[in-house]
Amino acid sequence: MAFLDIAAVTKSFGAQGVLKDVNLSIERGEFVVFVGPSGCGKSTLLRIITGLETVTSGTISIEGEVMNDVEPARRGTAMVFQSYALYPHMTTFQNVSFSLRMAHRARDVIVDKVQKAAAILQLDKLLERKPGQLSGGQKQRVAIGRAIVREPRVFLFDEPLSNLDAELRVQMRAELMELHRRLGTTMIYVTHDQVEAMTLADKMVVMHAGRVQQAGKPLDLYDDPDNRFVAGFVGSPKMNFLPARVQSSGPNALGLAGVGGAGEATLPFTAPPGLAGPVEIGLRPERMRPLPPGAPPPPNSIVLEGQVTLVEELGSESYVHMVLADGTPVTLRAGRDETVEGPSLRVAADPRHALLFGPDGERIRSQGGSKR
């Protein structure tokens, strides 16, 4: 049995279903990130785990004990909110120690726990300051410190970095990873930022419309998505999707026509029986290369041509946005030494890196044992 089990959990507010048959196992000490667009149910699931919301059906278990009817204070969880939720009239010491004081813990125990948390979070010199005298990052550390002193079995973070500027978010991500390494406690983190999820998670859980779309290691979801939603959500810039139709099928060779409008391609792919009709090819931006004018494409490449609409210069690389003849948008990542000349551009991609999706959005996998 996993350390934390979420079994067949559904949640409705009246007639509105928010979570639909969610099943998930979380191991002790894992850093798990729930990620998905706004309204997908990730924060609701977090609140159900800690007891701030009740389930409509299903169970939440921690270390084999069903938590459905257990009060939040007795679940052994501690939550860090997006808004910090600090008392403005209290000092850092008073805010961090609040739960201990409410539990009437001994003064020496309170001091010891607060000092240890302050040392971990580099708050030693800020214990007498009030929230109005702290920066955003310092306030977030205080909120985390308030959770640490409770010594919970599970830390829960609800978009804790969304109020910080970009540079501080990067710094705080590194600090959270170090905190997890030092404490070794199970952490569950909610964010809508898939880059944040990729960098933090041991296990990433992608949610959409109240359902878990896929769960696993971040790079596994990036390289081997189960469906079009996961493929398009994980990765920045997102995966390109090219309409096509099946033209021929054989062992380790799938012929496609109408790629991006009029192109053709042959994928090293053994199709499942009966595959026919429209499909979509998925290609990551870094798997596509611009072709210099007049240069021949590499053998067997997928070749596309379109009009450049925007080039984002990022210094070490560029994101090139273009539109194909059929109106399909495409983004590729070009290195600094790769010349992009417009207004028209040809690009080539290795078909070995192409993924295939059906009209229902589900991944079509090769029958030859390849992940492709």
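Is N252 buried, partly exposed or exposed? In this predicted model, local features need pLDDT of at least 70 and side-chain atom pairs count only at pLDDT 80 or more, whereas totals for chains, interfaces and linings use all residues. Residues are numbered from 1 along each chain as its sequence is written, and side-chain values use heavy atoms, with hydrogens and water left out.

N252 has a relative accessible area of 47% and is therefore partly exposed, the classes being buried under 20%, exposed over 50% and partly exposed in between (1.4 Å probe, protein chains only). N252 lies in the loop between strand 11 and strand 12 (253-259), where helices (H or I, at least four residues) and strands (E, at least two) are DSSP runs numbered from the N terminus, and N252 has a positive phi of about 60 degrees although it is not a glycine. E159, likewise not a glycine, has a positive phi of about 45 degrees and is found in the loop between strand 7 and helix 6; E159 counts as buried because its relative accessibility is 14%. A cis peptide bond, with omega about -5 degrees, joins S236 and P237.

Eleven of the 13 residues of helix 5 are buried, among them I144. I144 and F157 are among the residues that touch the most other members of the largest nonpolar core, which has 45 residues; such a core is a set of buried Ala, Val, Leu, Ile, Met, Phe, Trp, Tyr and Cys residues joined through side-chain atoms within 4.5 Å. Apart from this core lies another, of 29 residues, including L254 and I281.
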